[in-house]
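Please look at the sequence and the 3D structure below, and keep both in view while you read.

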Amino acid sequence: MSNRIQDQFANGAARQVAGPIAVPAAGPVVANKVAGPPRHQVEIDRNFELPAGLFKATVALYLAFLGVMFVGFGGPGLVIPMAIFAVFIAAGFGVPAIWPRLKGNVSAPMSMGKFKQAGIMTETGPVAPRDAMIQMLILPVLIVVWACAAVIVAALV
């Protein structure tokens, strides 16, 4: 919550202090200015710390959804929309798959063996490999199951 502190200044409950003093970094002097090493405020880590196999399984499940829907409801008019959906899925997962390979990235995806041995650390603590796989794949699996159910219902009605 934010409070106005003018009253606290007035009654002496709050006080104002001076800010930190800037100390120049040691480095070569350029035109009476001290140039320090380049600052990197953010560590470059373009990695999701999960094995590539899990991402491939997710892509495969989303493409399986498109395949089931095309087989069940497909026609000549749906070829182009399904192709566009497939391109969007490939782009949505392809661009993040390229990120770990970019220049300046020092981390690599976790191997499946290390993942099965150690699991993964999340914001709320460690997660077992089985639980992480379930959390990652539950939505794509449910979407494929839903597509199968929709096709079955449409075939029976």
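This is a predicted model: local features need pLDDT of at least 70, side-chain atom pairs count only at pLDDT 80 or more; totals for chains, interfaces and linings use all residues.

In helix H2, the residues Leu 54, Thr 58, Phe 65, Leu 66 and Met 69 are buried, where buried means under 20% relative accessible area, exposed means over 50%, and partly exposed lies in between, with a 1.4 Å probe and protein chains only. Seen down the axis of H2, these buried residues fall within an arc of 130 degrees, so they line one face of the helix; the arc is that of the directions from the helix axis to the C-beta atoms. An α-helix has 3.6 residues a turn, so residues three or four places apart point the same way. On the other side of H2, Lys 56 and Val 71 are exposed.

Residues are numbered from 1 along each chain as its sequence is written, and side-chain values use heavy atoms, with hydrogens and water left out.

What do the buried residues of H2 pack against? They pack against helix H3, helix H4 (112-118) and helix H5 (129-156), contact here meaning heavy atoms within 4.5 Å. H2 itself has 22 residues and reaches 32 Å from its first C-alpha to its last, close to the 32 Å expected at 1.5 Å a residue, the expected span being 1.5 Å times one less than the number of residues.

Helix H3, which covers residues 79-98, has 20 residues and reaches 28 Å between its first and last C-alpha, close to the 28 Å expected for it. Met 82, Ile 89 and Pro 96 are buried in H3, and what covers the buried residues of this helix includes H2. One of them, Ile 89, counts as buried at 17% relative accessibility. Leaving aside residues up to four places away in sequence, Ile 89 touches Val 59, Tyr 62, Leu 63 and Leu 66. Ile 89 and Tyr 62 are 27 residues apart in sequence, and 7.5 Å apart in space from C-alpha to C-alpha.

A nonpolar surface patch of about 680 Å² is made by Phe 70, Val 79, Ile 80, Ile 84, Phe 85, Val 87 and Phe 88; patches are made of residues with over 30% relative accessible area and no salt bridge, with like charges joined within 9 Å and nonpolar side chains (Val, Leu, Ile, Met, Phe, Trp, Tyr) within 5 Å. The largest share of the patch, six residues, comes from H3, whereas Phe 70 is found in H2 and is partly exposed, with a relative accessible area of 32%.

A search of the whole structure finds one salt bridge, that is, a side-chain nitrogen of Lys or Arg within 4 Å of a carboxyl oxygen of Asp or Glu. In this salt bridge the side chains of Asp 131 and Arg 130 meet, at 3.3 Å from N to O. Asp 131 is partly exposed at 33% relative accessible area, while Arg 130 is exposed at 60%.

For the protein as a whole, the secondary structure comes to five helices and four strands, which are DSSP runs numbered from the N terminus (helices H or I, at least four residues; strands E, at least two). From the N terminus on, the elements run α-β-β-α-α-α-β-β-α. Buried residues make up 17% of the 157 residues.

Terms used:
Accessible areas come from the Shrake-Rupley method with a 1.4 Å probe; for residues, only the protein chains shown count as cover.
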